[in-house]
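Work through the exercises below with the sequence and the model open. Try each task before you read its solution.

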Amino acid sequence: MLLKFQFLHFSTAFSPKFHKISAPVIRITKFRSQMGSSSYTTSSASSSKLLFRQLFEKDSSTYTYLLADASHPDKPALLVDPVDKTVDRDLSLVKELGLKLLYAINTHVHADHVTGTGLIKSKAPGVKSIISKASNAKADLFVEPGDKICFGDLFLEVRSTPGHTLGCVTYVTGDGHNQPQPRIAFTGDALLIRGCGRTDFQGGSSEQLYKSVHSQIFTLPKDTFVYPAHDYKGFSVSTVGEEMLYNPRLTKDKEAFKNIMANLNLSYPKMIDVAVPANMFCGLQDVESKAS
Ligand SMILES: N[C@@H](CCC(=O)N[C@@H](CSS)C(=O)NCC(=O)O)C(=O)O
């Protein structure tokens, strides 16, 4: 598949740029198991190159993920779905592990917490924020389906998974010999473990979500790890195969799914009126000129 663009691989003199290229750079490497540790960690998916940490923000039950190419001399890294309240913790971890943070990326415009991307940019100059173009939010870089976000020799592929919000995307680790195996999907709120994101605001659509999950996530290899943006039941990780068998909503047919989603009767997230406007600007409400 031809790529519309690919972010440049990290170099010592760090300077992220947009480049249109026709194919990813693939190098073959060996894999070995690597356990991770932090304040809250799983380490189910790993390779000799990937440093991976799952971090938790308890007030909104949000997961933030830290990924880095540990085999690269500069250890280029990115954070998926950082939360404002835990930015200091996350940046300390980045420093302790000797990583060079390149990107702070969001799966979507969150409604229940303020994203940490703007705060990270103010505390770690040079870090670029990323969100989907379809989100209509502000960021330094906008991704579209099929785009790749490179960090060292590793990359995340962008898959469009609207339904919870209009601009939701799922980031999936690359498919190739030098990429982590099994693959890892960061599903945001599109697919939760034994659940899924609600579809009753922010351009949500149960019809669209059903299509997104079935066409963009359930088509990944069954051993692909599923790491969502939230968990409310104590789960930390699942797999595509597991969710295809046991997800109580998405194993149903489309009409039954739509009926379930129409009758969730969830109260609105407590922070929605603060979080959504702020998150349209990387969490930096009223700082439009700085927000990118
Ligand atoms: N009680 C929380 C919000 C809980 C909630 O609505 N979660 C969202 C994801 S964050 S917008 C969701 O989609 N939940 C699906 C579900 O089935 O629980 C708060 O007040 O913030």
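A residue is buried if 20 or more other C-beta atoms lie within 10 Å of its own, exposed if 12 or fewer, and partly exposed in between, with C-beta atoms placed from the backbone. The model is predicted: local features need pLDDT of at least 70, side-chain atom pairs count only at pLDDT 80 or more, and totals for chains, interfaces and linings use all residues. Residues are numbered from 1 along each chain as its sequence is written.

**Exercise 1. Classify aspartate 81, then check its backbone.**

Step 1. Aspartate 81 has 28 other C-beta atoms within 10 Å, so it is buried.
Step 2. Find its place: aspartate 81 lies in the loop between β5 and α1. Helices (H or I, at least four residues) and strands (E, at least two) are DSSP runs, numbered from the N terminus.
Step 3. Read phi. Aspartate 81 has a positive value of about 55°, although it is not a glycine.

**Exercise 2. Which residues of helix α1 are buried, and what do they pack against?**

Step 1. Helix α1 covers residues 87-96; Val87, Asp90, Leu91 and Val94 are its buried residues.
Step 2. These residues lie on the same side of α1 because they cover an arc of only 95° around the axis. The arc is that of the directions from the helix axis to the C-beta atoms.
Step 3. Look at the face turned away from the buried side. It carries the exposed residues Ser92 and Glu96.
Step 4. List the partners. The buried residues of α1 pack against β3 (50-57), β4 (62-69), β5 (76-80), β6 (100-105) and α2 (117-123).

**Exercise 3. Is proline 125 buried or exposed, and is serine 238 buried or exposed?**

Step 1. Proline 125 is in the loop between α2 and β7 (128-132).
Step 2. It has 7 C-beta neighbours inside 10 Å, so proline 125 counts as exposed.
Step 3. Compare sequence with space. Proline 125 and leucine 101 are 24 residues apart along the chain, and their C-alpha atoms are separated by 9.8 Å.
Step 4. Serine 238 is in strand β16 (residues 238-239). With 23 C-beta neighbours inside 10 Å, serine 238 counts as buried.
Step 5. Find its contacts. Two residues are in contact if their C-beta atoms, placed from the backbone, lie within 7 Å. Not counting residues up to four places away in sequence, serine 238 touches Ile193, Val226 and Glu243.

**Exercise 4. Which members of the largest nonpolar core touch the most other members?**

Step 1. Define the set: a nonpolar core consists of buried Ala, Val, Leu, Ile, Met, Phe, Trp, Tyr and Cys residues joined through C-beta atoms within 7 Å.
Step 2. The largest core has 73 residues; Leu67, Ala77, Leu78, Ile149 and Ala185 touch the most other members.
Step 3. Take leucine 67. Leaving aside neighbours within four places in sequence, it is in contact with Leu50, Phe52, Ala77, Leu78 and Phe151.
Step 4. Step back to the chain. Of its 292 residues, 52% count as buried. It has 6 helices and 16 strands.

**Exercise 5. Which residues come nearest to the ligand?**

Step 1. Apply the cut-off: a residue is near a molecule if its C-beta atom, placed from the backbone, lies within 6 Å of it.
Step 2. There are 14 residues around the ligand, and Asp112, Gly197, Arg198, Pro269 and Lys270 come nearest.
Step 3. Sort the shell by type: 6 nonpolar, 4 polar and 4 charged. Here Ala, Val, Leu, Ile, Met, Phe, Trp, Tyr, Cys and Pro count as nonpolar, Asp, Glu, Lys and Arg as charged, and the others, Gly among them, as polar.
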